[in-house]
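Dear colleague,

Please find below the structure that I am handing over to you. I would be grateful if you could look through it before reading my notes.

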Amino acid sequence: MFARRLFTAAVIAASLGVAGLAGAAPTPEGQSGDGQNRRVRIHNQTGVALQKLQAADVRTGTFGPDLLGGTPVATGASVPVTIDDGAGGCLYDLRAELAGGQTLLRENINVCRIADYYLTR
């Protein structure tokens with residue numbers, strides 16, 4: 001009887017897409033399975049080109065790869081990025097490298113609660 005209940009729970013979880021239960025479908029690598037939207041449009045309002053953008057979950061402090069994929073963002077332009085290291089966090093530090101060598105650090109950005117971030121100097 002216990003095994004049947006466990007199987008039924010796993011089937012229900014899988015059909016609802018609930019992660020963490022037996023039988024649930026895995027999420028793509030590098031994406032949290034909690035349903036939070038971590039897609040943010042970065043608006044470059046610095047006055048110079050944004051060369052590189054990295055994010056670090058505040059719990060680890062480890063910056064990941066360039067979210068821009070090596071494509072600079074002109075001043076006044078914007079670009080959508082997904083800020084998600086797969087660990088389920090919402091608070092990230094952002095490190096931006098600008099043309100001319102200046103680096104900006106913005107701390108404790110809740111990427112689950114915002115849709116747009118305006119990067120300024």
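This is a predicted model: local features need pLDDT of at least 70, side-chain atom pairs count only at pLDDT 80 or more; totals for chains, interfaces and linings use all residues.

Three strands form an open sheet, arranged in the order β2-β4-β5 with antiparallel pairing. The edges are taken by β2 (50-57) and β5 (103-110); each has a single partner strand, so one side of each is left without a neighbour in the sheet. From one strand to the next, the twist averages 20 degrees. Between β2 and strand β4 (residues 91-98) there are 7 bridges, in the antiparallel sense. Leu 53 stands opposite Ala 96 in β4.

A parallel pairing is found elsewhere: strand β1 (residues 39-44) is joined to β6 by 4 bridges. Here His 43 stands opposite Tyr 118 of β6. In a regular strand, side chains alternate between the two faces of the sheet.

Finally, I draw your attention to Ala 74, located in the loop between β2 and β3 (78-82). Its relative accessibility is 45%, and Ala 74 therefore counts as partly exposed, a class that lies between the limits of 20% and 50%. Leaving aside residues up to four places away in sequence, Ala 74 touches Asn 44 and Ala 49. Ala 74 and Asn 44 are 30 residues apart in sequence, while their C-alpha atoms are 7.0 Å apart in space.

With kind regards

Conventions:
Residues are numbered from 1 along each chain as its sequence is written. Side-chain values use heavy atoms; hydrogens and water are left out. Two strands pair if DSSP finds at least two bridges between them. Helices (H or I, at least four residues) and strands (E, at least two) are DSSP runs, numbered from the N terminus. Axes are lines fitted to C-alpha atoms, for helices over the stretch in contact, and angles run from 0 to 180 degrees between N-to-C directions. Buried means under 20% relative accessible area, exposed over 50%, partly exposed in between (1.4 Å probe, protein chains only). Contact means heavy atoms within 4.5 Å.
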